[in-house]
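Here's a quick tour of a model, one piece at a time. Have a look at the fold first, then read on.

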Amino acid sequence: MKRLAAYVLLTVLVLTGCGGPVDPDTAQESIQVIAMDTAMLITTYGERSPAAAYACEDAIRDLEAKLSRTDPDSEVSRLNAAGGEAVEVGEDLGVLLDAAGYYHATTDGAFNIAIAPLASAWGFAEDRFRVPSQEEISDLLKLVNGFALQETPEGVALGPGQAIDLGAIAKGYAADKIVEIFQEYEVPRGLAQLGGNVLAYGDRPDGTPWRVGVQDPARVEEQNAFAGVLELTDSFAVTSGGYQRYFEQDGKTYHHILDPATGYPADSGLSSVTVVADCGEDAGLSGMMCDALSTALFVMGEERALDFRRNWRGLPFQLVLITEDGRVVVTQGLADRFTLEEASGYQYETVS
């Protein structure tokens, strides 16, 4: 789950009828959507702005109905409740399951949608927080790390007791769908803020890049407290951080990003990970990639995350890592697009 981790610094314009022709570069529609357990803001420009914005809402609602783990009628819930029996799945869930398997394999298990039973044991799925016993965690890890989706002529099946949660990849897939809608409705520019997932489509009306603030994990209670600002055009930016959802017990803080190897909140030395990649016709499902990798790289930690990126052979991406020891580490491809917020007190580093 990624909530309010990156923000577009946007002045919302109020358009009034003036009796003249509509300028397609400035005509704008902004709508808020509460879905996928987060507040979303979709802003579209162009002559078909309203139709495009509401088509985006329809697409998000449709995906939520299919992918929600808490809606008993969703495809994901039916798959989780099938007790090992095969269930027929639709195209969207099929794409996500294939992608989840790919990212599970390429991240050496750091990304794992079968984490659902553990997330429930910790209470993150139901907002009833608790620290499970080591025995309970060990038993659930057998389900998580024994995950293997079975494909049959009748559909797909999980193992007995297994369950999936697509919270670490579904909003990225929704952002990819929004790109398709923007293209279909000939939207010249637009923004989609899906919690910690940001789509900066095109540029601003004045021709400059969109300014996307990366939350300072140490100052989450302060409004507009950023570690730095990214300048983005035709890009996805997805942030995962342990500060986004957590609870405290006996003086210790437990966050929601679980390490599939241990069953405990990831102790990786990172406070947040932001993954940035291009969007567009040649970018494939890069929104989904950013979503999945932001979680996996947070679990991996700084050194493994940077090594992973250097050896990656898929769609190119860049990183902003905020470390627990007070550094902001930015890959070279973002060096001219990231400005450190001096008041944050972080030490700034660029890496290859």
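## Strand β9 and its partners

Strands β8 (residues 210-215) and β9 run antiparallel, with six bridges joining them. Strands here are DSSP runs of E with at least two residues, helices are runs of H or I with at least four, and both are numbered from the N terminus. Two strands count as paired if DSSP finds at least two bridges between them.

β9 itself (residues 226-232) is mostly covered, with six of its seven residues buried. Buried means under 20% relative accessible area, exposed means over 50%, and partly exposed is anything in between (1.4 Å probe, protein chains only).

## What you're looking at

This is a predicted model, where local features need pLDDT of at least 70, side-chain atom pairs count only at pLDDT 80 or more, and totals for chains, interfaces and linings use all residues. Residues are numbered from 1 along each chain as its sequence is written, and side-chain values use heavy atoms, with hydrogens and water left out.

The chain's mean pLDDT (the predictor's confidence in each residue, from 0 to 100) is 91, and 93% of the residues reach 70 or more. A contact is heavy atoms within 4.5 Å.

## The nonpolar cores

Which residues touch the most other members of the largest nonpolar core? Leu297 and Phe317 do, in a core of 75 residues. Helix α7 (residues 286-300) gives this core its largest share, 10 residues. A nonpolar core is a set of buried Ala, Val, Leu, Ile, Met, Phe, Trp, Tyr and Cys residues joined through side-chain atoms within 4.5 Å. In soluble globular proteins, nonpolar side chains tend to be buried together.

Not counting residues up to four places away in sequence, leucine 297 touches Leu270, Val273, Val275, Ala305, Phe308, Phe317 and Leu319. There's also a second, separate core of 20 residues, whose members include Val198, Trp210, Val212 and Val276.

## Helix α3 and its cover

Helix α3 (residues 91-106) has 16 residues and spans 23 Å from first C-alpha to last, close to the 22 Å expected at 1.5 Å a residue. That expected span is 1.5 Å times one less than the number of residues. Buried residues in α3 are Asp92, Leu93, Gly94, Leu96, Leu97, Ala99, Ala100 and Tyr103. Their cover includes α1 (49-67), α2 (75-80), β5 (155-157), α6 (170-184) and α7.

Two of those covering elements hold residues worth a look. Asparagine 80 lies in α2 and is buried, at 18% relative accessible area. Its side chain reaches the backbone nitrogen of isoleucine 164 at 2.8 Å. Beyond four places in sequence, asparagine 80 contacts Arg69, Leu158, Gln162, Ala163 and Ile164. Over in β5, alanine 157 counts as buried because its relative accessibility is 5%. The C-alpha atoms of alanine 157 and alanine 82 are 7.7 Å apart, though 75 residues separate them along the chain.

Most residues other than glycine have a negative phi, and most peptide bonds are trans. Methionine 36, not a glycine, has a positive phi of about 50°; the residue is in the loop between β2 (28-35) and β3 (38-45) and is buried at 13% relative accessibility. Aspartate 127 has phi near 60°, in the loop between α4 (116-122) and α5 (134-145), and is partly exposed at 47%. Just after α3, aspartate 108 takes a positive phi of about 55°.

Buried or exposed: which is threonine 43? This β3 residue is buried, at 1% relative accessibility. The side chains of threonine 43 and serine 30 make a polar contact of 2.6 Å. A polar contact is a pair of N or O atoms within 3.5 Å; within protein, one must be able to donate a hydrogen and the other to accept it, and residues adjacent in sequence count only if both atoms are side-chain atoms.
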